[in-house]
Amino acid sequence: MKVVYLNTQSKTPQHAQSDGALYDLISEHEGALRRFIRVRARPSNAEVEDILQEMYAKLFSMEGLVEKTEQRQDTFKGFLFTVVTNLIIDRERRAKVRARDAHESYSDTHSTHWENEPEKQAGIAEKLSEVQQVLDTMNPYHKSAFVLCRVEGKPYREISDILGVSVSTVEKYIAAALTAIRNKVCD
């Protein structure tokens, strides 16, 4: 399904011919562009069509593009992929902004909700005591790596420097600690 909206009434016949040539150039690479969009952005079929429409709109709004492409047809395919890549990146940025704007931060109103439910507080306290028991019986390196990462928020690189082990070993220590906690707390 190709939908290209052009305002052909205001174009002179010469521009209409150049748009046809541009459309032919783009159509030659459209299958590859569709595959690229599906792999790169993992969109739905409708989103693939939207991205292609945005690409058409962008290309048809550029002045003198046909003349430039006739001179450099060997780079036109790369140009199309660059345009599509930039459109995908723009969509991802907009999605991140929308997600950030929709995010509701934690506030005192949420904590007062829990404070009014003693059974939830008791359950949380019980889980924390189970976690503490697991940490007390754990290998000291695993415990140190876990506390440095999850409690103090230190990055793996810094933890590896502190403990004198590789980053890979730090990852294994933290994974072992999480597994031990999960096995005890989730039982």
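**Reading the helices and contacts of a predicted model**

Mentor: Start with Val84, which sits in helix H4. Keep in mind that this is a predicted model.

Trainee: Why does Val84 count as buried?

Mentor: Its relative accessibility is 0%. Buried means under 20%, so Val84 qualifies.

Trainee: Which residues is Val84 in contact with, leaving aside its neighbours within four places in sequence?

Mentor: Leu33, Phe36, Ile37, Ile51 and Met55. For a contact, heavy atoms must be within 4.5 Å. Take Leu33 as a distance check: its C-alpha atom is 7.7 Å from that of Val84, though 51 residues separate the two along the chain.

Trainee: Which other residues of H4 are buried?

Mentor: Besides Val84, the list holds Phe76, Leu80, Phe81, Val83, Thr85, Leu87 and Ile88.

Trainee: What makes Glu92 partly exposed?

Mentor: Glu92 is also in helix H4. Its relative accessible area is 34%.

Trainee: How do you know that the span of H4 agrees with 1.5 Å a residue?

Mentor: H4 has 27 residues and should span 39 Å. The C-alpha atoms at its ends are 39 Å apart, so the two values agree.

Trainee: Now the core. Which residues touch the most other members of the largest nonpolar core?

Mentor: Ile26 and Met55, out of 21 core residues. Helices H1 (13–41), H2 (45–60), H3 (65–71) and H4 (76–102) each supply at least two residues of this core.

Trainee: What does Ile26 touch, not counting residues up to four places away in sequence?

Mentor: Met55, Tyr56, Leu59, Phe76 and Leu80.

Trainee: Which residues make the contact?

Mentor: H7 gives Tyr141, His142, Ala145, Phe146, Cys149 and Arg150. H9 gives Tyr173, Ile174, Ala176, Ala177, Leu178 and Ile181. By class, this contact of H7 with H9 has 10 nonpolar, one polar and one charged residues.

Trainee: What makes H8 and H9 roughly perpendicular to each other?

Mentor: Apply the range again. The axes of H8 (residues 156–163) and H9 come within 8 Å and cross at roughly 95 degrees. That value lies in the 65 to 115 range, so H8 and H9 are roughly perpendicular.

Trainee: Which residues of H8 and H9 make the contact?

Mentor: From H8, Tyr156, Arg157, Ile159, Ser160 and Leu163. From H9, Val167, Val170, Glu171, Tyr173 and Ile174. The contact of H8 with H9 divides into seven nonpolar, one polar and two charged residues.

Trainee: Why does Met138 count as buried?

Mentor: Met138 lies in the loop between helix H6 (118–137) and H7. Its relative accessibility is 12%. The cut-off is under 20%, so Met138 is buried.

Trainee: Which residues is Met138 in contact with, leaving aside its neighbours within four places in sequence?

Mentor: Lys143, Ala177, Ala180 and Ile181. Ala177 is 39 residues from Met138 in sequence, yet 7.4 Å from it in space, C-alpha to C-alpha.

Trainee: Now the protein chain as a whole. How many helices and strands does it have?

Mentor: Nine helices and zero strands. Along the sequence the pattern reads α-α-α-α-α-α-α-α-α.

Trainee: How many of the 187 residues of the protein chain count as buried, as a percentage?

Mentor: 27%. As for contacts between residues at least 6 apart in sequence, 64% join residues at least 24 apart.

Note on methods:
Residues numbered from 1 in each chain as written. Predicted model: local features only at pLDDT ≥ 70, side-chain atom pairs only at ≥ 80, totals over all residues. Heavy atoms only, no water. Helix = DSSP H or I, 4+ residues; strand = E, 2+ residues; numbered from the N terminus. Nonpolar A, V, L, I, M, F, W, Y, C, P; charged D, E, K, R; others polar. Core = buried A, V, L, I, M, F, W, Y, C linked by side-chain atoms within 4.5 Å. Buried < 20%, exposed > 50% of the residue type's maximum accessible area, 1.4 Å probe, protein only. Expected span 1.5 Å × (residues − 1). Axes fitted to C-alpha atoms, helices over the stretch in contact; angles between N-to-C directions. Parallel < 35°, antiparallel > 145°, perpendicular 65-115°, else oblique.
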